[in-house]
Amino acid sequence: MTLRARLRPVQFLVWAVLTACALILVEYSYSRQASAGERLTVARITEGLTCQCGCGLTVSNCNHPTCGFAVPLRDDIDKMIAKGMSADQITAFYRRKYGEKILSAPTTEGFNLLAWIMPFAAIIAGGGLIALRLGRWRTAPVQEAEQIVPLFDDDLRRRLESDLKDGL
Amino acid sequence: MADLGKLALAIALILAAYSIFANVYGARRNSPDFLASARHAIWAMCAMVTIAMAALWNGLLTSDFTLDYVASHSSTTLPTIYKITSLWGGQEGSLLFWSWLLTIFTSIAAFQNRRRNPEIAPYALAVMAVVAIFFLAMLNFVTRPFSPISPVPVEGADLNPLLQNYWMAIHPPSLYTGYVSSTAPFAFGAAALITGKLDDAWIRATRRWAIFSWFFLTLGNLFGARWAYEVLGWGGYWAWDPVENAAFMPWLVMTAYLHSVMIQERKDMLKVWNLALIGLAFALTIFGTFLTRSGVISSVHSFTQSGLGPYFLSFLIVVVIAYTALLIFRSGVLRSPAEIESYLSREAAFLFNNLVLVGIAFAVFWGTIFPVLSEAVRGVKITVGPPFFNKVNGPLALGLIFLMGVGPLIAWRRSTPANLARNFAIPLILGIATGAIVFLEGVRQWYALSGFSLAAFVAGTIIVEFARGIGARRHLAGETAARATANLIAKNNRRYGGYIIHVGVIVAFAGIIGSAFFKIDVKKSVRAGESFAVGPYSIHYLKLEESADAHIESAIAQVEVTRGDEEVALMTPGRVFYKRPQQPATKVAIRSTPLSDLYVVLAGFDEDTNTATFEVFLTPLVFWLWAGGLLMAIGTVIVMWPNVRERAAIAAALGRTAEDQIATEPAPGGQ
C-alpha cells in the first residue's frame, strides 16, 4: 500500500507542508551558523558600502578599474581585516567618515525603519483587505446552487473532446 | 534635412491635436467621416514623425555637426552601427524614438479598430494622441533634436563608450517598445471608463497589446541585464539601480495584470482592480522616464540633468489624478455580482499572486524613492542599494514562486482537500526531495535551499499538468506522445504557452540563486607566464597585445584557462580607451557553460614590470538566467500565436456588434 493511500489526503498535505517547513527551519539554523563562522572578506564588507565616484554601484561592484574611491577603499579594508577589525567596526568607521550616504542600505533606526517596514506593512494590509473581502464573499449567500466546477481532468477532458469534435 | 525634421515634428503635433478633436467629435456625433478623418490624421502624424526620425538618422550617418545632437553623440570615427543606435543614446533622440514608436502603435490601433469597438476605440485613440501630444510638445518646445550648434565643431564628442555595445542596439528599443505599447491597453481602459462601456470589450481589444508589452518589457529587462553583465565588468547583471528599478516595476505590474485579467475574462470579477493595474503600469512607464531624465536620483543610466523633470512629473500627476477620478466616478457600475467562494480556489490564488507582485513593485518603488524622502524629511542623504532590495524582495520572491506553483493546479471556485492532495502530492515530494539533495550536496544557505525546493515544486506542478494533458490526448485521440504534446500546446496555446513562460521563470530563478549565492571572486596580479587558481580552473597569463585605430586604443591580455591537464579556453579580456571622449572601458572575456561562467576582467596592467591584474568571477548557473529568458520569450510567442478557436469565440461574442458596425461604417479610407 502506498504512503498516499495510507494517509488521508488532508493529513498527507499537512505533513508534507510541515516537513517542508521543518526542513527550511533546519536549513536556516545551519545557514546562520555557517554565516557566523564565515571568513570576513573585502567583498562582504564592500557590498554594504556605496561607491562615491558617481557610478551608483556598491564599492564591491564599482566598474571603474581605476576608481579613485573604490580601489583605495578596498585596499584599506583589506588592511583593516588583517589588523583584526570586525565587519561592524569597519562599517562604523566609514559611516563616521562619510556619513549615512556611504551605507548601501538604510539603517534600522529612526525614520529609516520606515524603509524596511513599509513594504511588508503594505503587503500585510493588502492581504488583510483580501482576507476581509474573501470572508464577506464566503459568507454571502450563493444565488443558485451550482455544481462545483470540476477539477483539471474533467475540464481538460471537455476541452479535448471539443477539440476532437471540431476536428482540430 | 534638419529643417524638414523640425517642420515634420510641428505638423505631427498639429495632427495629433486634430485627431483628438476628430475622434471625440466623430464619436459623439456618430460621424463616420470624422472618425475616418481622425484615423488619417493619426497615420499622417506617424508619417511626419517617421520623416523626423529619418532626418535625424541622416544627420548622424552623415556626421552633420551643425546639429547639437549629432555633435554631442556621434563622431566621424564612430562605427556605422553605433551612428544608427546613437539616435536613442541621448536625451532628444530617445524622446524622438519614443514618440515614433507611440505614433506607430497608435496607427496600428487605429487600423485594427477601424471597424471594431466603435464605442470605445475613438476615445482610446484620442487618449493615445493626448500622450503623443505631450511627447511631441517636448520635442517641439523643450528638448529639440534639431537644435543647431554654434560654432560648428570639426569633430563630434562621440557616443558614450558604455553605449558602444551591440546589446545597446536592442536593449533600449526593446524596453521602449514595452513601455510605449502599454499605452494601448491603458488608453482602451481609460476609454472604457470615459464612455462607461465597462464590459470586457476593452480587455479583448487589448489582450495582445498587453502581452506584447509584457514580452518586450521582459526582453528589455533581460537585454539590459545582459548588457550590464558584458559591459560593466563587475561580474553581475543587476544592481538595483533606480533606472533598472524603473524598468522592473511596470513589468511586475503588467505581470499582475495579465494574471488578474484572466479572472475578469472567466468570472467577470476584479474590474476595478484590472483597470487600476493597467493605469498603474502606464503611470510607472512615465515615472521611469521621469527618473531617467529628471536627475532627481543619481543612476548609472541617467541622461544629463535636463530640466525635463518638472514636465514629466506634471504629466504623471495629471495622468494619475484624471485616471483615478474616472475610476472613482465609475466605481458604482464596476461592482461585480460574482463572488470568490473559497480561499482554496484559483481566483484566491491569483489574488494573492497579484498581492505579492504589486507588493514587490511597491517595495522597489519605495526603495527607489526613499533617498529623496529621507533628504526631504531628515535632510540626510542616504543610499538604498542592493542589500535592501535583496533582503526585502527575497522572501517575497519565494512567496511568488510558491503561488506560481499553486495557481495553475488549483480549481476555479473551490477545491477540496482530496483534489489538492491529488494535484500537489507529486510536486511537493519533488520539491522536498530536491531540497534534501541540495542539502546533502553541501548547500547550507536557507534561501538557496528554499529557492531550489520551490523551483522544483513549480516544475513538478507543470510536469503534472503536461503529463495529464498529454495522457488524456493519447487516451482519447490515440496520438503519439510527441504529437499529443504538440497538439496540446497548439490547441490550448494560451494555457500551455503560459506554462512554458512559468518554466522560463523558474529556470531563470534557479540561475539567479546560483549566481547570487555561490559566486567565487578572485583578484590577482601576475607577471606574464604566471598562473593562479580560481575554483577548479588555473588561469595562466600569457601576454598583453596593444593596438590602436582612429577610434580606440586597446590592450588585450591573452589568458589560457586549464582544468587539470586539459586546456579549456584561450580568453582575451582587455581594456579599451576611447579617444574622442577620453574614456577607458572594460572588455570582459566570458566562457559560458551550463554549470558556470568564467568571467575574466583585466583590471589593470603595468608594462614596465610586465604585470597584469585580473579579477575573475566563477559564477554558477548564470547561463540558466538567459536560457530562462529565452524560454519566457518562446512561451510568450506561443501565447500570442493566433488561435482559430479563440478567434471564433471572440467573433461570436462580437458578432452582432461587428455586423452592425460593418453595415454602418465605410471601408477604411472611404468617405
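Over which residues of chain B does pLDDT stay under 50? That stretch is residues 656-671, and the model still has 15 contacts beyond four places in sequence for it. Keep in mind that this is a predicted model.

**How confident is the prediction?**
- Chain B has a mean pLDDT of 89, and 93% of its residues reach 70 or more.
- For the model, the scores are ipTM 0.83 and pTM 0.87.

**How is chain B divided up?**

- To describe two packed helices, you give the angle between their axes and the distance between the axes.
- In chain B, take helix H9 (residues 201-231) and helix H19 (residues 623-640): their axes come within 10 Å and cross at roughly 165 degrees.
- Angles over 145 degrees count as roughly antiparallel, so H9(B) is roughly antiparallel to H19(B).
- The crossing of H9(B) past H19(B) is left-handed.

**Who touches whom?**
- On the H9(B) side, the residues in the contact include B:Phe212, B:Phe215, B:Leu219 and B:Arg226.
- On the H19(B) side, you'll find B:Trp626, B:Met632, B:Ala633 and B:Val639 among them.
- Sorted by class, this contact of H9(B) with H19(B) has ten nonpolar, three polar and two charged residues.

How values were computed
Residues are numbered from 1 along each chain as its sequence is written. Chains are lettered from A and ligands numbered from 1 in the order in which they are written. This is a predicted model: local features need pLDDT of at least 70, side-chain atom pairs count only at pLDDT 80 or more; totals for chains, interfaces and linings use all residues. Axes are lines fitted to C-alpha atoms, for helices over the stretch in contact, and angles run from 0 to 180 degrees between N-to-C directions. Helices (H or I, at least four residues) and strands (E, at least two) are DSSP runs, numbered from the N terminus. Angles under 35 degrees count as roughly parallel, over 145 as roughly antiparallel, 65 to 115 as roughly perpendicular and the rest as oblique. A crossing is left-handed if the near helix is turned anticlockwise from the far one by less than a right angle, and right-handed if clockwise. Two residues are in contact if their C-beta atoms, placed from the backbone, lie within 7 Å. Ala, Val, Leu, Ile, Met, Phe, Trp, Tyr, Cys and Pro count as nonpolar, Asp, Glu, Lys and Arg as charged, and the others, Gly among them, as polar. pLDDT is the predictor's confidence in each residue, from 0 to 100.
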